[in-house]
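Colleague: I'd like to learn how to read a few features in a model. Where do we start?

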Amino acid sequence: MAPRLIRYGATVLSAAVGALMMTSSIAAQNGGGGRAAGPAQTQNVPTPRTPDGHPDLSGAWGGAGGGGARDGSPFDEKGNLRLAGRYRKGNPVNGERDSGISQRFGPNFPLYKPQYWDKVDFMDVNGNVQDSNFHCMPAGVPRMGPPVRILQTARDVVFLYREKNQYRIIPIDGRPHDPVNSMDQTYLGDSVGHWEGDTLVVDVVGFNSETWLGWPGYFHTNKLRVIERLTRQGNTLLYQATADDPDVLLKPWAMNPRTLQLNTNPTTQIEDPPCIESDSANLTTKERG
Amino acid sequence: MKRFCSLVAFVAALSVGSQTFAHHATQAEFDQTKVTTIKGVMTRVMWVNPHVNWHMEVKNADGTVTDWTIVGAGPGQFRAIGLSGRDFFQIGETYSASIALARNGSSRGHIMSFLTPDGKTLQIWSGNGDDPLGR
């Protein structure tokens with residue numbers, strides 16, 4: 001409990017620490033889709049609409065897993081590669097540890113009921129074992145972040161994710177949750193969508209309790225309910241997600257919103273190689289950043 | 001194949017690009033103060049998540065052969081910097097690799113640098129001068 005009380009008291013400090021940390025490292029831990037975008041015009045572009053008048057969310061969003069160096073090529077003219085460190089003393093261990101600090105002390109974290117902070121601590125300390133995402137299982141919603149590509153029809157939207165090549169098919173024709181799927185307790189849950197003005201609202205239930213809300217041991221139960229809101233304005237997509245788990249959370253937790261640019265790079269790709277975890281058997285300490 | 005496997009201990013202060021962030025602490029698996037250079041034949045390239053794995057067959061002084069597993073960052077992170085498996089790693093070719101050794105004593109290491117058959121240095125974890133293959 002004590003560490004979590006410290007965490008409460010350190011909110012102001014954590015905001016400063018969080019601001020100092022590179023968002024790219026956090027994105028790497030919390031799912032893709034929020035990376036630097038390919039070329040896109042963001043201003044004075046009308047929002048495309050489907051024949052029924054709703055915004056058309058279709059497109060590749062954010063980095064979308066496309067290739068190409070983001071900050072200039074790290075290769076010299078002879079083809080040698082040298083990656084420059086951007087961490088304290090250029091040390092990757094410092095980078096990993098700082099990433100862990102920034103995620104644990106980030107200003108925006110789920111507020112658990114007092115009796116559950118010990119469990120959060122346990123999950124965090126033993127994350128190399130407890131975090132199923134570390135063992136190649138899906139990060140789940142909303143930890144996996146926004147989709148990197150969306151396909152939209154009048155009846156449904158399809159969210160494609162780079163992480164583990166996952167997809168979600170979400171009906172938007174007003175139907176209720178499927179009575180079977182919504183009780184199955186799955187990694188991605190059962191999703192249904194509807195329009196509120198120009199915002200697509202996706203209601204997700206039926207989760208298992210294996211996934212986490214975030215890297216620092218932020219577990220949830222199978223009572224988790226997530227509301228995702230996607231709003232397209234021109235070539236910009238705003239992704240917001242709120243997680244509610246009244247059994248363990250004091251109040252719904254709003255994940256940091258992501259703003260994604262339309263990726264018009266024709267070579268953008270989302271395919272992700274399979275996940276074959278081989279590190280666990282070789283870890284000698286519990287450290288994970 | 002000429003045997004080349006010299007163990008060199010360094011107090012290594014490694015640096016790494018943000019793209020190569022592992023999802024667990026590399027420190028828990030690899031000792032970055034113990035760096036060795038191996039030279040051998042690339043036998044397998046596994047361009048998989050969460051970490052790319054290379055397998056190199058290294059002949060030891062006593063004539064035995066050790067299959068080294070070299071661990072890197074995730075394929076998406078390599079893709080982002082333009083490092084592709086097909087372009088840079090050829091099965092059957094001879095590579096040198098400086099690696100941070102596994103703490104459990106197994107024949108595993110975290111890649112610092114590769115020296116490719118055509119003489120290119122791929123410094124994935126630069127070493128502030130501590131990497132034997134670094135330039």
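Modeller: With disulfides: a disulfide is a pair of cysteine sulfur atoms within 2.5 Å. Here A:Cys136 and A:Cys275 form one, S to S 2.1 Å. Over all chains, the structure holds one disulfide.
This is a predicted model: local features need pLDDT of at least 70, side-chain atom pairs count only at pLDDT 80 or more, and totals for chains, interfaces and linings use all residues. Residues are numbered from 1 along each chain as its sequence is written, chains are lettered from A and ligands numbered from 1 in the order in which they are written, and side-chain values use heavy atoms, with hydrogens and water left out.

Colleague: Why is the disulfide of A:Cys136 and A:Cys275 called left-handed?

Modeller: Because the torsion about its S-S bond is about -70 degrees.

Colleague: What about B:His55?

Modeller: B:His55 is buried too, at 12% relative accessibility.

Colleague: Which residues does B:His55 touch?

Modeller: Contact means heavy atoms within 4.5 Å. Not counting residues up to four places away in sequence, B:His55 touches several residues, including B:Val41, B:Arg44, B:Asp67 and B:Trp68.

Conventions: Buried < 20%, exposed > 50% of the residue type's maximum accessible area, 1.4 Å probe, protein only.
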